[in-house]
Amino acid sequence: MRRARIAVLVSGGGTNLQALIDAQAKGVIHSGELSLVISNCEGAYALTRAENAGIPTLTLTKKALGGQTPFEAAIIKALDEYQIDLIVLAGFLSILTEDFTARYPRRIINIHPSLIPAFCGKGYYGLRVHEAALERGVKLTGATVHFVNEIPDGGEIILQQAVAVQAGDTPEVLQRRVMEEAEWSLLPRATEIVCQEICEQK
Ligand code: GRF
């Protein structure tokens, strides 16, 4: 059976991309293959991680392309060219329009660093999510992988993992623990689950 072709969209350091690369090497991801990495930020370290793993990369920025519509058109063109079946948002800090998400129902997944529906939606990204969790005083937080639809962080949940908040946590410390204890295992597992679903439909 042909494996599902995966594109990973990134903006930054790419530790979640690295977790996907490592999971593919270990066979945790075996129903899909990492086939393309697209960054919307010039020089993102995630691009170096992809190059080191021999995965083709593209940098597409709204600024260079002249706005959201040509930016999304360029992404769609690349996804078509590389015959992509699944889009994984791994620290991709650009909101995609409904026109874009509606083209790929159950074919876009995202990792969010909280237990949705807590601390999610517009404005909740990066350290802000962990700051909000600490401000509220929750004792458990975690990570969620979900399908992407037109509602920010609102699509069907695929997997979640809880992580304990500890006394004295700073947003940075909590962010790191959520990555280590949840995100880096959750995203590869969810990616494999969706790739299996795609393969079964082929
Ligand atoms: C992660 O916390 C992820 O949950 C969020 O953005 C961060 C990306 O980190 N969506 P990295 O670029 O994968 O290291």
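Modeller: Buried means under 20% relative accessible area, exposed means over 50%, and partly exposed is in between (1.4 Å probe, protein chains only). This is a predicted model, in which local features need pLDDT of at least 70 and side-chain atom pairs count only at pLDDT 80 or more, while totals for chains, interfaces and linings use all residues. Residues are numbered from 1 along each chain as its sequence is written, and side-chain values use heavy atoms, with hydrogens and water left out.

Colleague: Why is Arg-106 called partly exposed?

Modeller: Arg-106 has a relative accessibility of 36%, which lies between 20% and 50%, so the middle class applies. Arg-106 is in the loop between H5 and S5 (helices are DSSP runs of H or I with at least four residues, strands are runs of E with at least two, numbered from the N terminus). Although Arg-106 is not a glycine, its phi is positive, about 55°.

Colleague: Which class does Ala-53 fall into, and why?

Modeller: Ala-53 counts as partly exposed because its relative accessibility is 37%. Its place is the loop between helix H2 (45-52) and strand S3 (57-59). Ala-53 and Ile-151 are 98 residues apart along the chain, and their C-alpha atoms are separated by 33 Å.

Colleague: What makes Asp-153 buried?

Modeller: The relative accessible area of Asp-153 is 12%, and a value under 20% is called buried. Asp-153 belongs to the loop between strand S6 (140-147) and strand S7 (157-164). Its phi is near 60°, a positive value in a residue other than glycine.

Colleague: Why does His-112 count as buried?

Modeller: His-112 has 3% relative accessibility, so it counts as buried. The residue is part of strand S5 (residues 108-112). Among the residues that His-112 touches, beyond four places in sequence, are Tyr-124, Val-129, His-146 and Asp-153 (contact means heavy atoms within 4.5 Å).

Colleague: Which polar atom of His-112 lies 2.8 Å from the backbone oxygen of Phe-119?

Modeller: It is a polar atom of the His-112 side chain. A polar contact is a pair of N or O atoms within 3.5 Å; within protein, one must be able to donate a hydrogen and the other to accept it, and residues adjacent in sequence count only if both atoms are side-chain atoms.

Colleague: What makes Ser-94 buried, and where does it lie?

Modeller: Ser-94 is buried because its relative accessible area is 8%. It lies in the loop between strand S4 (86-89) and helix H5 (98-103). Its side chain makes a polar contact of 3.1 Å with the side chain of Lys-62. Apart from neighbours within four places in sequence, Ser-94 is in contact with Asn-40, Lys-62 and Phe-71.

Colleague: What joins Ile-116 and Pro-117?

Modeller: A cis peptide bond, with omega about 20°. Pro-117 is in the loop between S5 and helix H6 (127-136).

Colleague: Which residues surround the ligand?

Modeller: Gly-13, Gly-14, Thr-15, Asn-16, Gly-91, Ile-111, Pro-113, Met-179 and Glu-183 (each with a heavy atom within 4 Å of the ligand). Ligand oxygen atoms are found 2.8 Å from a polar backbone atom of Gly-14, 2.6 Å from an N or O atom in the Thr-15 side chain, and 2.9 Å from a polar backbone atom of Asn-16. Helix H1 (15-26) and helix H7 (171-201) are the elements that give two or more residues to this shell.
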